[in-house]
Amino acid sequence: YGDVKQKCNKKETRGWVRTAVFDSQNKAWEEQMLNDLCEQVEDLHRGGVPYDEMCILQRDRNKVDNLIAYFKEHLPHVNLVSDEAFKLESSKTLNIIVHALKYLYDGENDPVSLHILMQRYLVDIKHATPQTTDYTLVKPESILPRETFLDRKDELVTYPISELCEEIYSVLDLKEIKGEDSYLLCFYDELSAYLQNAPGDIASFLEYWDSDLKVKAIPACKVNGISIITIHKSKGLQYHTVLMPYCNFSFEKFKADELLWCDTQKPFDGMEVLPIQPGKKMRNSLFSSEMEIETMQKNIEELNALYVAFTRPEKNLLVWCNQDKSLTAGNVISRTLEKVALIDGEAHEPILTEDDEACTIYTQGEPVYELKQQETDNSNRLNPSYEQAEIAMCSHHRRHDFKQSTEGMLFIEE
(Lines give C-alpha, C1' and ligand atoms only; values in the text may rest on other atoms or scores of the structure.)
Protein backbone atom coordinates (compact mmCIF):
# COMPACT_ATOMS: atom_id res chain seq x y z
CA TYR A 1 0.00 0.00 0.00
CA GLY A 2 2.99 2.30 -0.18
CA ASP A 3 1.80 3.95 -3.38
CA VAL A 4 -1.83 4.25 -2.29
CA LYS A 5 -3.30 7.38 -0.75
CA GLN A 6 -6.94 8.22 -0.15
CA LYS A 7 -8.07 11.75 -0.93
CA CYS A 8 -11.08 13.06 0.97
CA ASN A 9 -13.49 15.42 -0.78
CA LYS A 10 -15.07 16.70 2.43
CA LYS A 11 -14.43 20.33 3.26
CA GLU A 12 -15.06 19.75 6.97
CA THR A 13 -11.69 19.29 8.69
CA ARG A 14 -12.80 19.23 12.32
CA GLY A 15 -12.44 15.96 14.15
CA TRP A 16 -10.70 14.11 16.93
CA VAL A 17 -8.70 10.89 17.01
CA ARG A 18 -7.47 9.52 20.32
CA THR A 19 -5.53 6.26 20.66
CA ALA A 20 -4.45 4.77 23.98
CA VAL A 21 -1.72 2.12 23.71
CA PHE A 22 -1.17 -0.11 26.74
CA ASP A 23 1.74 -2.41 27.50
CA SER A 24 0.66 -6.06 27.55
CA GLN A 25 3.11 -6.67 30.41
CA ASN A 26 0.90 -4.48 32.56
CA LYS A 27 -1.45 -6.99 34.20
CA ALA A 28 -3.97 -4.26 35.05
CA TRP A 29 -4.21 -2.86 31.52
CA GLU A 30 -7.72 -4.21 30.90
CA GLU A 31 -9.16 -2.63 34.05
CA GLN A 32 -7.38 0.66 33.26
CA MET A 33 -8.66 0.58 29.69
CA LEU A 34 -12.30 0.00 30.73
CA ASN A 35 -12.04 2.74 33.34
CA ASP A 36 -10.68 5.17 30.74
CA LEU A 37 -13.44 4.13 28.32
CA CYS A 38 -16.14 5.03 30.85
CA GLU A 39 -14.47 8.36 31.61
CA GLN A 40 -14.30 9.30 27.93
CA VAL A 41 -17.96 8.32 27.42
CA GLU A 42 -19.05 10.55 30.29
CA ASP A 43 -16.83 13.44 29.14
CA LEU A 44 -18.28 13.28 25.64
CA HIS A 45 -21.83 13.08 27.00
CA ARG A 46 -21.29 16.07 29.28
CA GLY A 47 -19.97 17.96 26.27
CA GLY A 48 -23.23 17.37 24.41
CA VAL A 49 -22.89 14.06 22.55
CA PRO A 50 -26.00 11.90 23.18
CA TYR A 51 -25.45 8.25 24.04
CA ASP A 52 -27.37 7.14 20.95
CA GLU A 53 -24.82 8.97 18.77
CA MET A 54 -22.02 6.77 20.13
CA CYS A 55 -21.11 3.27 18.97
CA ILE A 56 -18.72 0.63 20.32
CA LEU A 57 -17.16 -1.47 17.56
CA GLN A 58 -15.71 -4.94 18.12
CA ARG A 59 -14.01 -7.39 15.75
CA ASP A 60 -16.05 -10.25 17.24
CA ARG A 61 -18.36 -10.82 20.19
CA ASN A 62 -15.80 -12.34 22.59
CA LYS A 63 -15.56 -9.24 24.81
CA VAL A 64 -19.13 -7.97 24.56
CA ASP A 65 -20.18 -9.58 27.84
CA ASN A 66 -17.20 -7.98 29.62
CA LEU A 67 -18.19 -4.53 28.34
CA ILE A 68 -21.85 -4.92 29.25
CA ALA A 69 -20.98 -6.16 32.77
CA TYR A 70 -18.49 -3.33 33.37
CA PHE A 71 -20.92 -0.63 32.22
CA LYS A 72 -23.69 -2.17 34.31
CA GLU A 73 -21.49 -1.92 37.41
CA HIS A 74 -19.79 1.46 36.83
CA LEU A 75 -22.25 3.32 34.56
CA PRO A 76 -25.63 1.73 35.32
CA HIS A 77 -27.51 4.69 33.81
CA VAL A 78 -25.93 4.06 30.39
CA ASN A 79 -27.60 1.41 28.23
CA LEU A 80 -25.42 -0.77 26.00
CA VAL A 81 -27.58 -1.99 23.14
CA SER A 82 -26.37 -5.11 21.34
CA ASP A 83 -27.93 -7.42 18.76
CA GLU A 84 -28.91 -9.84 21.53
CA ALA A 85 -31.05 -7.14 23.11
CA PHE A 86 -33.40 -7.28 20.12
CA LYS A 87 -33.81 -11.05 19.87
CA LEU A 88 -37.28 -12.41 20.54
CA GLU A 89 -36.01 -14.56 23.41
CA SER A 90 -35.10 -11.39 25.35
CA SER A 91 -38.78 -10.34 25.55
CA LYS A 92 -40.41 -10.85 28.96
CA THR A 93 -43.85 -11.10 27.38
CA LEU A 94 -42.88 -13.77 24.87
CA ASN A 95 -41.09 -15.83 27.51
CA ILE A 96 -44.28 -15.88 29.59
CA ILE A 97 -46.33 -16.94 26.53
CA VAL A 98 -43.87 -19.73 25.69
CA HIS A 99 -43.80 -21.10 29.25
CA ALA A 100 -47.59 -20.97 29.32
CA LEU A 101 -47.65 -23.02 26.12
CA LYS A 102 -45.22 -25.53 27.64
CA TYR A 103 -47.46 -25.88 30.67
CA LEU A 104 -50.58 -26.37 28.56
CA TYR A 105 -48.83 -28.93 26.36
CA ASP A 106 -47.23 -31.11 29.01
CA GLY A 107 -47.71 -29.49 32.40
CA GLU A 108 -48.23 -32.76 34.28
CA ASN A 109 -44.86 -34.17 33.17
CA ASP A 110 -43.07 -30.82 33.19
CA PRO A 111 -43.85 -29.00 36.46
CA VAL A 112 -40.78 -26.78 35.98
CA SER A 113 -42.56 -24.77 33.27
CA LEU A 114 -45.44 -23.99 35.62
CA HIS A 115 -43.09 -22.76 38.35
CA ILE A 116 -41.07 -20.64 35.90
CA LEU A 117 -44.34 -19.22 34.58
CA MET A 118 -45.38 -18.38 38.14
CA GLN A 119 -42.06 -16.66 38.88
CA ARG A 120 -42.19 -14.54 35.74
CA TYR A 121 -45.83 -13.68 36.42
CA LEU A 122 -44.97 -12.56 39.95
CA VAL A 123 -42.00 -10.43 38.91
CA ASP A 124 -43.18 -8.97 35.60
CA ILE A 125 -46.94 -8.63 36.19
CA LYS A 126 -47.33 -8.41 39.98
CA HIS A 127 -43.95 -6.61 40.37
CA ALA A 128 -42.77 -8.77 43.24
CA THR A 129 -39.16 -8.43 44.39
CA PRO A 130 -37.19 -11.63 43.56
CA GLN A 131 -34.83 -11.22 46.53
CA THR A 132 -37.68 -11.15 49.05
CA THR A 133 -39.83 -13.90 47.55
CA ASP A 134 -39.35 -17.54 48.51
CA TYR A 135 -40.75 -19.36 45.49
CA THR A 136 -40.52 -22.72 47.17
CA LEU A 137 -43.29 -21.69 49.59
CA VAL A 138 -45.59 -20.26 46.93
CA LYS A 139 -48.05 -22.46 45.07
CA PRO A 140 -48.72 -21.58 41.41
CA GLU A 141 -52.45 -22.15 41.97
CA SER A 142 -52.52 -19.24 44.42
CA ILE A 143 -50.78 -16.84 42.02
CA LEU A 144 -51.86 -17.59 38.45
CA PRO A 145 -55.45 -16.83 37.35
CA ARG A 146 -57.47 -19.93 38.14
CA GLU A 147 -60.82 -19.38 36.42
CA THR A 148 -59.46 -17.86 33.20
CA PHE A 149 -56.29 -19.95 32.84
CA LEU A 150 -55.61 -22.94 35.10
CA ASP A 151 -59.17 -24.33 35.10
CA ARG A 152 -59.45 -23.85 31.32
CA LYS A 153 -56.47 -26.01 30.41
CA ASP A 154 -58.50 -28.66 28.57
CA GLU A 155 -60.32 -25.95 26.63
CA LEU A 156 -57.29 -23.83 25.76
CA VAL A 157 -55.30 -26.71 24.23
CA THR A 158 -58.01 -27.02 21.54
CA TYR A 159 -57.42 -23.45 20.32
CA PRO A 160 -55.42 -22.78 17.14
CA ILE A 161 -51.91 -21.70 18.09
CA SER A 162 -52.38 -18.09 16.93
CA GLU A 163 -55.59 -17.64 18.91
CA LEU A 164 -54.08 -19.44 21.89
CA CYS A 165 -51.18 -16.97 22.07
CA GLU A 166 -53.59 -14.04 22.02
CA GLU A 167 -55.75 -15.68 24.67
CA ILE A 168 -52.72 -16.18 26.93
CA TYR A 169 -51.76 -12.54 26.35
CA SER A 170 -55.25 -11.49 27.45
CA VAL A 171 -55.95 -13.76 30.45
CA LEU A 172 -52.47 -13.26 31.99
CA ASP A 173 -52.81 -9.49 31.57
CA LEU A 174 -49.51 -9.22 29.70
CA LYS A 175 -50.35 -5.71 28.51
CA GLU A 176 -48.96 -4.60 31.89
CA ILE A 177 -45.45 -5.22 30.54
CA LYS A 178 -44.65 -1.96 28.77
CA GLY A 179 -42.29 -1.28 25.88
CA GLU A 180 -42.46 -4.68 24.16
CA ASP A 181 -44.96 -3.97 21.40
CA SER A 182 -42.27 -4.33 18.72
CA TYR A 183 -41.41 -7.83 19.96
CA LEU A 184 -45.07 -8.88 19.92
CA LEU A 185 -45.79 -7.51 16.46
CA CYS A 186 -42.68 -9.20 15.06
CA PHE A 187 -43.63 -12.43 16.86
CA TYR A 188 -47.12 -12.52 15.34
CA ASP A 189 -45.71 -11.77 11.88
CA GLU A 190 -43.29 -14.68 12.22
CA LEU A 191 -46.04 -16.90 13.62
CA SER A 192 -48.31 -16.15 10.66
CA ALA A 193 -45.50 -16.93 8.23
CA TYR A 194 -44.74 -20.17 10.08
CA LEU A 195 -48.36 -21.34 9.94
CA GLN A 196 -48.44 -21.01 6.15
CA ASN A 197 -46.44 -24.23 5.71
CA ALA A 198 -46.36 -25.88 9.13
CA PRO A 199 -48.79 -27.65 11.48
CA GLY A 200 -50.49 -25.51 14.10
CA ASP A 201 -50.08 -27.80 17.09
CA ILE A 202 -48.34 -26.65 20.26
CA ALA A 203 -45.54 -29.25 20.16
CA SER A 204 -44.42 -28.33 16.62
CA PHE A 205 -44.47 -24.63 17.43
CA LEU A 206 -42.43 -25.06 20.62
CA GLU A 207 -39.84 -27.02 18.65
CA TYR A 208 -39.75 -24.23 16.07
CA TRP A 209 -39.34 -21.64 18.84
CA ASP A 210 -36.39 -23.43 20.41
CA SER A 211 -34.62 -24.10 17.10
CA ASP A 212 -35.20 -20.93 15.07
CA LEU A 213 -37.73 -18.35 16.19
CA LYS A 214 -36.29 -17.27 19.54
CA VAL A 215 -33.00 -16.04 18.04
CA LYS A 216 -34.63 -13.91 15.36
CA ALA A 217 -34.17 -10.19 15.88
CA ILE A 218 -36.77 -7.48 15.55
CA PRO A 219 -36.19 -4.45 13.31
CA ALA A 220 -34.62 -2.20 15.95
CA CYS A 221 -35.58 1.45 16.14
CA LYS A 222 -33.38 4.15 17.65
CA VAL A 223 -32.89 3.75 21.40
CA ASN A 224 -31.33 5.95 24.04
CA GLY A 225 -28.16 3.97 24.51
CA ILE A 226 -24.74 3.15 23.08
CA SER A 227 -24.85 0.64 20.26
CA ILE A 228 -22.34 -2.19 20.42
CA ILE A 229 -21.87 -4.09 17.16
CA THR A 230 -19.21 -5.96 15.23
CA ILE A 231 -17.13 -4.30 12.54
CA HIS A 232 -18.68 -6.58 9.94
CA LYS A 233 -22.21 -5.41 10.76
CA SER A 234 -21.15 -1.75 10.80
CA LYS A 235 -20.48 -1.66 7.06
CA GLY A 236 -22.48 1.15 5.48
CA LEU A 237 -23.32 2.76 8.85
CA GLN A 238 -21.98 5.93 10.41
CA TYR A 239 -21.91 7.38 13.91
CA HIS A 240 -20.95 10.71 15.42
CA THR A 241 -18.50 9.03 17.80
CA VAL A 242 -16.95 5.56 17.52
CA LEU A 243 -15.27 3.80 20.45
CA MET A 244 -12.99 0.80 19.88
CA PRO A 245 -11.85 -0.94 23.08
CA TYR A 246 -9.97 -4.26 22.81
CA CYS A 247 -8.58 -3.25 19.42
CA ASN A 248 -5.90 -5.94 19.55
CA PHE A 249 -7.36 -8.77 17.49
CA SER A 250 -4.88 -11.14 15.84
CA PHE A 251 -3.89 -10.79 12.19
CA GLU A 252 -2.76 -14.40 11.87
CA LYS A 253 -5.24 -16.39 13.93
CA PHE A 254 -7.15 -19.00 11.94
CA LYS A 255 -10.37 -20.66 12.97
CA ALA A 256 -10.14 -24.17 14.41
CA ASP A 257 -12.32 -25.64 11.65
CA GLU A 258 -10.65 -23.72 8.81
CA LEU A 259 -9.05 -25.79 6.04
CA LEU A 260 -6.89 -24.98 3.01
CA TRP A 261 -7.31 -27.12 -0.08
CA CYS A 262 -3.82 -27.42 -1.52
CA ASP A 263 -2.58 -28.96 -4.75
CA THR A 264 -0.60 -32.09 -3.99
CA GLN A 265 2.99 -32.87 -4.85
CA LYS A 266 5.27 -35.85 -4.42
CA PRO A 267 5.23 -37.97 -2.35
CA PHE A 268 1.61 -36.99 -1.55
CA ASP A 269 0.33 -36.88 -5.11
CA GLY A 270 -2.10 -39.79 -4.78
CA MET A 271 -4.89 -37.22 -4.57
CA GLU A 272 -5.30 -34.05 -6.59
CA VAL A 273 -5.90 -31.86 -3.52
CA LEU A 274 -5.50 -32.26 0.23
CA PRO A 275 -7.27 -30.43 3.09
CA ILE A 276 -4.61 -28.89 5.34
CA GLN A 277 -5.29 -27.06 8.58
CA PRO A 278 -3.39 -23.72 8.58
CA GLY A 279 -0.99 -23.12 11.46
CA LYS A 280 2.63 -23.15 12.55
CA LYS A 281 3.17 -26.77 11.46
CA MET A 282 2.12 -25.94 7.92
CA ARG A 283 4.91 -23.33 7.67
CA ASN A 284 7.50 -26.12 7.95
CA SER A 285 5.84 -28.48 5.50
CA LEU A 286 5.71 -28.98 1.75
CA PHE A 287 2.79 -26.55 1.71
CA SER A 288 4.65 -23.59 3.19
CA SER A 289 4.12 -21.47 0.06
CA GLU A 290 0.34 -21.94 0.28
CA MET A 291 0.54 -20.97 3.94
CA GLU A 292 2.42 -17.77 3.12
CA ILE A 293 -0.20 -16.78 0.54
CA GLU A 294 -3.04 -17.50 2.95
CA THR A 295 -1.31 -15.53 5.72
CA MET A 296 -0.88 -12.54 3.44
CA GLN A 297 -4.56 -12.66 2.47
CA LYS A 298 -5.49 -12.94 6.15
CA ASN A 299 -3.43 -9.85 6.95
CA ILE A 300 -5.13 -7.91 4.16
CA GLU A 301 -8.54 -9.02 5.43
CA GLU A 302 -7.79 -7.70 8.94
CA LEU A 303 -6.38 -4.44 7.54
CA ASN A 304 -9.60 -4.02 5.58
CA ALA A 305 -11.55 -4.57 8.81
CA LEU A 306 -9.55 -1.80 10.47
CA TYR A 307 -10.26 0.45 7.50
CA VAL A 308 -13.99 -0.19 7.80
CA ALA A 309 -13.90 0.58 11.54
CA PHE A 310 -11.84 3.75 11.20
CA THR A 311 -14.15 5.16 8.52
CA ARG A 312 -17.39 4.77 10.54
CA PRO A 313 -17.09 7.91 12.74
CA GLU A 314 -18.21 11.32 11.55
CA LYS A 315 -16.35 13.37 14.19
CA ASN A 316 -14.64 11.41 16.98
CA LEU A 317 -12.67 8.15 16.96
CA LEU A 318 -11.31 6.66 20.19
CA VAL A 319 -9.19 3.49 20.17
CA TRP A 320 -7.77 1.37 22.99
CA CYS A 321 -5.20 -1.33 22.25
CA ASN A 322 -2.16 -3.03 23.74
CA GLN A 323 1.24 -4.02 22.42
CA ASP A 324 1.91 -7.71 22.04
CA LYS A 325 4.71 -9.85 20.67
CA SER A 326 2.46 -11.38 18.01
CA LEU A 327 1.07 -9.60 14.96
CA THR A 328 -2.11 -7.90 16.17
CA ALA A 329 -4.10 -4.80 15.34
CA GLY A 330 -2.69 -3.17 18.47
CA ASN A 331 0.89 -3.72 17.28
CA VAL A 332 0.13 -2.37 13.80
CA ILE A 333 -1.53 0.73 15.24
CA SER A 334 1.15 1.45 17.86
CA ARG A 335 4.09 0.99 15.48
CA THR A 336 2.42 3.15 12.84
CA LEU A 337 1.72 5.94 15.33
CA GLU A 338 5.30 5.82 16.63
CA LYS A 339 6.59 6.42 13.11
CA VAL A 340 4.00 8.99 12.03
CA ALA A 341 4.34 11.01 15.24
CA LEU A 342 8.01 11.63 14.43
CA ILE A 343 7.31 12.98 10.95
CA ASP A 344 7.63 16.76 10.70
CA GLY A 345 5.89 18.50 7.86
CA GLU A 346 2.65 19.97 6.60
CA ALA A 347 1.24 16.67 5.36
CA HIS A 348 -0.81 16.21 8.51
CA GLU A 349 -1.76 17.88 11.74
CA PRO A 350 0.78 17.17 14.50
CA ILE A 351 0.07 14.08 16.58
CA LEU A 352 0.37 14.85 20.28
CA THR A 353 1.87 12.18 22.50
CA GLU A 354 1.12 11.86 26.20
CA ASP A 355 2.82 9.29 28.41
CA ASP A 356 1.58 8.25 31.82
CA GLU A 357 2.03 5.23 34.05
CA ALA A 358 -0.76 3.27 32.40
CA CYS A 359 -0.36 3.90 28.66
CA THR A 360 0.79 6.12 25.83
CA ILE A 361 -1.92 8.36 24.37
CA TYR A 362 -1.79 9.73 20.83
CA THR A 363 -4.24 12.51 19.94
CA GLN A 364 -4.92 14.55 16.84
CA GLY A 365 -7.47 17.35 16.57
CA GLU A 366 -9.98 18.46 19.20
CA PRO A 367 -13.14 16.73 20.47
CA VAL A 368 -16.26 17.64 18.52
CA TYR A 369 -19.48 17.75 20.52
CA GLU A 370 -21.85 19.44 18.07
CA LEU A 371 -24.22 17.27 16.08
CA LYS A 372 -24.93 17.61 12.39
CA GLN A 373 -27.84 19.93 11.77
CA GLN A 374 -30.81 18.18 10.24
CA GLU A 375 -32.04 19.63 6.97
CA THR A 376 -35.48 21.21 7.21
CA ASP A 377 -36.11 21.66 3.49
CA ASN A 378 -38.93 19.30 2.51
CA SER A 379 -39.29 20.51 -1.07
CA ASN A 380 -37.63 17.37 -2.42
CA ARG A 381 -40.31 14.67 -2.43
CA LEU A 382 -37.71 11.97 -2.93
CA ASN A 383 -36.14 12.83 0.41
CA PRO A 384 -39.03 13.56 2.79
CA SER A 385 -38.64 14.04 6.51
CA TYR A 386 -40.31 11.60 8.86
CA GLU A 387 -41.02 11.19 12.54
CA GLN A 388 -40.89 7.97 14.49
CA ALA A 389 -44.32 6.73 15.57
CA GLU A 390 -45.04 4.13 18.22
CA ILE A 391 -47.52 1.33 17.44
CA ALA A 392 -49.17 -0.38 20.38
CA MET A 393 -50.12 -4.04 20.51
CA CYS A 394 -53.86 -4.61 21.11
CA SER A 395 -55.58 -7.96 21.58
CA HIS A 396 -59.32 -8.38 21.02
CA HIS A 397 -61.53 -11.40 21.46
CA ARG A 398 -62.43 -12.84 18.09
CA ARG A 399 -65.98 -13.48 17.11
CA HIS A 400 -66.54 -16.24 14.59
CA ASP A 401 -69.75 -15.79 12.62
CA PHE A 402 -70.79 -18.69 10.42
CA LYS A 403 -72.74 -17.63 7.34
CA GLN A 404 -74.68 -20.00 5.19
CA SER A 405 -73.42 -20.34 1.63
CA THR A 406 -75.69 -19.92 -1.37
CA GLU A 407 -75.29 -23.58 -2.29
CA GLY A 408 -76.26 -24.64 1.21
CA MET A 409 -79.31 -22.42 1.22
CA LEU A 410 -80.49 -23.84 -2.15
CA PHE A 411 -79.93 -27.38 -0.90
CA ILE A 412 -82.13 -26.77 2.14
CA GLU A 413 -84.86 -25.16 0.05
CA GLU A 414 -84.95 -28.17 -2.25
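Which residues in α3 meet which residues in α4? Keep in mind as you look that this is a predicted model. On the α3 side you'll find Lys92, Asn95, Ile96, His99, Ala100, Lys102 and Tyr103, and they meet Ser113, Leu114, Ile116, Leu117, Arg120, Asp124 and Ile125 in α4. Sorted by class, this contact has 7 nonpolar, 3 polar and 4 charged residues.

Now step back to the two helices themselves. Helix α3 covers residues 92-106 and helix α4 residues 111-125; their axes come within 9 Å and cross at roughly 150°. Angles over 145 degrees count as roughly antiparallel, so that is how α3 and α4 run relative to each other. The crossing of α3 past α4 is left-handed.

Next, the salt bridges, which come to 10 in the count. Take Glu302 and Arg59, whose closest N and O atoms are 2.9 Å apart. Glu302 sits in helix α11 (residues 288-310), while Arg59 is in the loop between β2 (54-58) and α2 (64-74), so this pair ties together parts 243 residues apart in sequence. Glu302 is buried, at 3% relative accessibility, whereas Arg59 is partly exposed at 25%.

Another salt bridge links Glu155 with Arg152, with 3.2 Å between the closest N and O atoms. Here Glu155 is partly exposed at 38% relative accessible area, and Arg152 is buried at 16%. Shared partners also make a network of salt bridges out of Arg59, Lys298 and Glu302.

Last stop: Ser334, in helix α12 (residues 329-341). With 1% relative accessibility, Ser334 counts as buried. Setting aside neighbours within four places in sequence, Ser334 is in contact with Val21 and Gln323.

How values were computed. Residues are numbered from 1 along each chain as its sequence is written. This is a predicted model: local features need pLDDT of at least 70, side-chain atom pairs count only at pLDDT 80 or more; totals for chains, interfaces and linings use all residues. Side-chain values use heavy atoms; hydrogens and water are left out. Axes are lines fitted to C-alpha atoms, for helices over the stretch in contact, and angles run from 0 to 180 degrees between N-to-C directions. Helices (H or I, at least four residues) and strands (E, at least two) are DSSP runs, numbered from the N terminus. Angles under 35 degrees count as roughly parallel, over 145 as roughly antiparallel, 65 to 115 as roughly perpendicular and the rest as oblique. A crossing is left-handed if the near helix is turned anticlockwise from the far one by less than a right angle, and right-handed if clockwise. Contact means heavy atoms within 4.5 Å. Ala, Val, Leu, Ile, Met, Phe, Trp, Tyr, Cys and Pro count as nonpolar, Asp, Glu, Lys and Arg as charged, and the others, Gly among them, as polar. Buried means under 20% relative accessible area, exposed over 50%, partly exposed in between (1.4 Å probe, protein chains only). A salt bridge is a side-chain nitrogen of Lys or Arg within 4 Å of a carboxyl oxygen of Asp or Glu.
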